[in-house]
Amino acid sequence: MFFERHEGGERALLVHLDGQDSAAREDPQEFQELAISAGADTVAFFNVPSNRLTAKYLIGSGKVEELRDQVKATEADLVIFNHVLTPSQERNLERVFECRVLDRTGLILDIFAQRARTHEGKLQVELAQLDHLSTRLVRGWTHLERQKGGIGLRGPGETQLETDRRLLRVRIRQIKQKLEKVRSQREQARRGRQRADIPSVSLVGYTNAGKSTLFNALTESDVYAADQLFATLDPTLRRLELDDLGPIVLADTVGFIRHLPHKLVEAFRATLEESSNSDLLLHVIDAHEPERDQQIEQVMAVLGEIGAHELPMLEVYNKLDLLEGVEPQIQRDADGKPQRVWLSARDGRGLPLLKQAIAELLGDDLFVATLQLPQDLARLRAQFFALGAVQSEAHAEDGSSLLAVRLPRIELNRLVTRAGLKPSEFIEQHTLQ
């Protein structure tokens, strides 16, 4: 990393702002889970009314003094706010508390820094951290800002600050160039899968909804899965064979969270594009979560940011093992298409139903039939083989080829049109009933 990140295990005092409107409020339980995920040892939890917000400290001066006394009494190393603080608010609070102060964005960034495993993931987290740090860089030089000048004392703080800002700009530019290279490599891989007509399916959902557990159950993989927020950061792709459809590529992606910092959405754009370029999204939902409706809204909001909210989607209600009286099932819309699947990734109940639903949704535009091609269409026959669309071949008595084919209908239409034929007439004349 470009700069040191404080290790977890610190004594932390948590401050939650209560009474905000529903659109802006945060979940106190989720806040505590975030702190635990970061490795903090919570020594006290404060609910602070948000009806008297101030520009200097965010909260009232009376509450600031009360928190200062608690910091000293509990010997806390860190105060974490479940809210976004401005750089000046962080500085002011640190002066009063005489310890580090972290806001919600900084807390999530710290968790991401701990979880990143791949080179790409570390680059993405570092970019988000540096963007966040650039506005707070002045904190380290406040002792020099207070100097009024004098012989030998004029300007050192400003000079050092400008040097650090320049180094930050250089490093941010380097990381963006490396991530752009990663993005182009991903795009090449996606184009390769598209040429091979392999559908891609991405798991999306709120953090800790069970995406990685479901991914492991479907693909028999050993991706890290744990009952904690943001257990998965680095995207993982696996090939999965489905009956009645063939191979697909399944992607496990980073989980979303309420008010996900915009810097993280930007930094992880290369990873999130894996979802926005999928043929189908599996929206994994924690069926046991009391606030699942609000979590669904947050996921849809992030999907809107990356341009993936209009993609075909199948809702997957997971953790059925925690509910009583609910059986695995496929729920369909008015047209009979699968709309949601209820299952348990942990014990495997409902997994065959999920595979069936995926095959149905992705198979809508597949052409599966046996074609009888006369010898004068030998070139077309060769193109079917070149695409890997031929499952078996036999020969009729007149020497024509009987091809059992399976390919996207749009690809069939393209091949037939290129051969100078009309797709509808070709299908009618050459398909064996």
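These legends accompany several close-up views of one predicted model. Residues count from 1 along each chain as its sequence is written. In this predicted model, local features need pLDDT of at least 70 and side-chain atom pairs count only at pLDDT 80 or more, while totals for chains, interfaces and linings use all residues; side-chain values use heavy atoms, without hydrogens or water.

**View A. The largest nonpolar core has 34 residues.** Such a core joins buried Ala, Val, Leu, Ile, Met, Phe, Trp, Tyr and Cys residues through side-chain atoms within 4.5 Å, where buried means under 20% relative accessible area, exposed over 50% and partly exposed in between (1.4 Å probe, protein chains only). Ile80, Leu107, Phe256, Leu260, Leu264 and Leu303 touch the most other members. Elements giving two or more residues include strand 1 (11–18) and helix 11 (292–305); helices (H or I, at least four residues) and strands (E, at least two) are DSSP runs, numbered from the N terminus. Helix 4 gives the most, six residues.

**View B. Arginine 171 and glutamate 126 form a salt bridge.** Here a side-chain nitrogen of Lys or Arg lies within 4 Å of a carboxyl oxygen of Asp or Glu. The closest N and O atoms are 3.1 Å apart. This pair links helix 7 (residues 156–195) to helix 5, 45 residues apart, and both partners are buried.

**View C. Glutamate 241 meets arginine 239 in a salt bridge.** The N to O distance is 3.7 Å, and both residues are exposed.

**View D. Arginine 381 and glutamate 393 pair at 2.7 Å, N to O.** Arginine 381 is partly exposed, at 28% relative accessible area, as is glutamate 393, at 31%.
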